[in-house]
Amino acid sequence: MWNPYNFSGTPLLADGQSAIFYPLNILYVILPLVDAFSIMVIIVPIFSFLFMYILLQHFRLTQLASVFGAFTFAFSGFMSVWMEENPAVSQTALWLPLLVYLLDTWILSKSIWRIILFSLFLSIMLFSGFLQLAIYELVLLIIFGLWRINQKYSLNVKKVTLFYFSLSILIGLLMCSVYLIPVWEAYQLSPR
């Protein structure tokens, strides 16, 4: 809960970028620091490419267009710079294509597993350590979900779908509330 090694001490759990609960950070526990950091850097383009490729294939782009789009996302300037400079930023960004894919496939198919996975990966994205970008991604997901639901369904079905969509976001937020509540309290107590 407290990091005594910075200045006269700083909160560790309530630090927005410590990412204590991020599942991939288990690598830092089981591997030497240099190896764990290297693997976390290597994971970024691999996962980014894979998730964007899946999303673009879902939107029925050609094989070549999907590979090009996934490659462009995985090795864009944003991802390339942040995977080395501050890995929490790229670790947060890489989940967006997967979340859009899960949300869109749930809206189209109403599969309960898709919405459960959406809530789970939403909480993982929030745990990843860069809250500002995670909030932007959450807003984008809400706008995309509302647009897609409005585009797809009639008024009666929209109400039920919107309820489950709101519930899935709430569940995702509640799953990471153990992280979000201390971070919010630290932001409230911050002198900046």
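Author: Start with a cut-off: a residue is buried when its relative accessible area is under 20%, and exposed when that area is over 50%. The model here is predicted.

Reader: Is Thr161 buried or exposed?

Author: Thr161 has 0% relative accessibility, so Thr161 counts as buried. This residue lies in helix H9.

Reader: Which residues is Thr161 in contact with, apart from neighbours within four places in sequence?

Author: Trp106, Lys110, Ile149 and Tyr153. Trp106 is 55 residues away from Thr161 along the chain, and their C-alpha atoms are separated by 9.8 Å.

Reader: Is Phe163 buried or exposed?

Author: Phe163 is also placed in helix H9. Its relative accessibility is 52%, so Phe163 counts as exposed. Between the C-alpha atoms of Phe163 and Ile181, 18 residues apart along the chain, the separation is 24 Å.

Reader: What is the general idea behind a nonpolar core?

Author: In soluble globular proteins, nonpolar side chains tend to be buried together. In this model, the largest nonpolar core has 51 residues, and the members that touch the most others are Trp95, Leu99, Leu103, Phe118 and Leu122. Helices that each supply at least two residues of this core include H4 (77-85), H6 (96-109), H7 (112-127) and H9 (155-175).

Reader: Which helix gives the largest share of this core?

Author: H2, with 10 residues.

Reader: What is Leu122 in contact with, beyond four places in sequence?

Author: The contacts of Leu122 are Leu99, Leu138, Leu141, Ser168, Ile169 and Gly172.

Technical notes:
Residues are numbered from 1 along each chain as its sequence is written. This is a predicted model: local features need pLDDT of at least 70, side-chain atom pairs count only at pLDDT 80 or more; totals for chains, interfaces and linings use all residues. Side-chain values use heavy atoms; hydrogens and water are left out. A nonpolar core is a set of buried Ala, Val, Leu, Ile, Met, Phe, Trp, Tyr and Cys residues joined through side-chain atoms within 4.5 Å. Buried means under 20% relative accessible area, exposed over 50%, partly exposed in between (1.4 Å probe, protein chains only). Helices (H or I, at least four residues) and strands (E, at least two) are DSSP runs, numbered from the N terminus. Contact means heavy atoms within 4.5 Å.
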